[in-house]
Amino acid sequence: MKHLLTTKDLTRDEAELILDLTGQMADAVSGREVPKLPTLRGRTVVNLFYEDSTRTRTSFETAAKRLSADVVNFSAKTSSVNKGESLKDTALTLQAMGPEAVVIRHPASGAPQRLTQWVDGAVLNAGDGTHAHPTQALLDAYTMRQRLGGVEGRTVAIVGDILHSRVARSNVWLLTKLGARVRLVGPPTLLPTDIDAWPVEVSYDLDASLRDADAVMMLRVQRERMNDAFFPTANEYARLYGLDERRLGLMPGHAVVMHPGPMNRGMEIAARVADSPRATITEQVANGVWVRMAVLYLLLTNGATR
Ligand code: NCD
């Protein structure tokens, strides 16, 4: 593995290896007085973020620092210049600094793939347009392993704005590869038109979809990617596709509620559901650091010095 661009091109063995390593990272660091490993000392990781991010950027930064790497943060604005050109120029500037890894978030699907042509180091996709967000799916799978004892054979409902969601896409490929059954639930206007080609079930009925789900993953309605009305009103959306306490009560007792953040409380998820012990939202964030440590470690050492 040289880069991490999508979960679609991970083999099942690679995915399982990353999840196993994630657990080892958590164990290795948690017991220490100083929560750091010397593994990537002297290596440079560049964070190149062309899109807003709270969790993912700080998580990658924390992960790199816990492995003792040097971290350089670039944050770029999206709207100013032709994306292809500005990305290339920036990449060539970065390349002159010789980083061992570049973490990139970009509004254009495929930008991380293009970056691999211009830099020698490993490229880690931290979210590209509506295409992919592999570390998010990996941290979600890891959270399921912890909370549900595994992914194989579990039923996962992914609910809401599937159309604009790279989180949904990356989870579909990863979770089905790991043996889960994935059901996408949302209004027809927010489901992709090529959905028949995906290895998933599709439903428009949230209540019915919750009854046998082991995990439900609520997605943010991505208004910044919408230039049109995809649903009548926020209230109407919440009524049909929001997870409130009544709906939480429909799920099996062991089932968990997930959300990648940022949340629109009161829209796709009620505040009391988000704050309930059934929700894994803060665990997902915590697990994100371990997952990113595992991925950085694998890509930068090829699994050596273990
Ligand atoms: C997601 C993203 O940016 O793709 N957030 C995240 O990385 N945790 C989902 C979103 O923006 O709704």
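This is a predicted model: local features need pLDDT of at least 70, side-chain atom pairs count only at pLDDT 80 or more; totals for chains, interfaces and linings use all residues.
Local features are given where pLDDT is at least 70, side-chain atom pairs count only at pLDDT 80 or more, and totals for chains, interfaces and linings use all residues. Residues are numbered from 1 along each chain as its sequence is written, and side-chain values use heavy atoms, with hydrogens and water left out.

The chain is divided into domain 1, made of 7-133 + 285-301, and domain 2, made of 134-280. These bounds come from an automatic or database domain assignment. Taken over C-alpha atoms, the centres of domain 1 and domain 2 are 25 Å apart. Domain 1 gives 32 residues to the contact and domain 2 gives 28 residues, where contact means heavy atoms within 4.5 Å.

Next come the sheets. Helices (H or I, at least four residues) and strands (E, at least two) are DSSP runs, numbered from the N terminus. Two strands pair if DSSP finds at least two bridges between them. Axes here are lines fitted to C-alpha atoms, for helices over the stretch in contact, and angles run from 0 to 180 degrees between N-to-C directions.

Within this sheet, strand β1 (residues 44-49) and strand β3 (residues 101-106) pair in the parallel sense over 5 bridges. N47 has V103 in β3 as its bridge partner.

The loop between α2 and β2 contains S68. Phi of S68 is near 70°, which is a positive value in a residue other than glycine.

Another open sheet has 5 strands, in the order β7-β6-β5-β8-β9, and its pairing is parallel. At the edges stand β7 (201-203) and β9 (256-258), each with a single partner strand, so one side of each is left without a neighbour in the sheet. From one strand to the next, the twist averages 20°. Strand β8 (residues 215-218) pairs with β9 in the parallel sense over 3 bridges, and M217 has M258 in β9 as its bridge partner. Helix α5 (residues 134-148) lies across β5 (155-159), β8 and β9, and runs at about 165° to β9.

Which residues surround the ligand? They are R55, T56, R105, H133, Q136, R166, V167, R220, Q222, P260, G261 and P262; a residue counts as near if one of its heavy atoms lies within 4 Å. Some polar contacts can be named, a polar contact being a pair of N or O atoms within 3.5 Å (within protein, one must be able to donate a hydrogen and the other to accept it, and residues adjacent in sequence count only if both atoms are side-chain atoms). An N or O atom in the side chain of R105 is 3.1 Å from an oxygen atom of the ligand. A backbone N or O atom of P260 lies 2.9 Å from a nitrogen atom of the ligand, and a polar backbone atom of G261 is 2.9 Å from a nitrogen atom of the ligand. The protein covers 93% of the 320 Å² of accessible area that the ligand has on its own. Accessible areas come from the Shrake-Rupley method with a 1.4 Å probe; for residues, only the protein chains shown count as cover.

The peptide bond from G261 to P262 is cis, with omega near -5°. P262 is placed in the loop between β9 and α10 (271-274).
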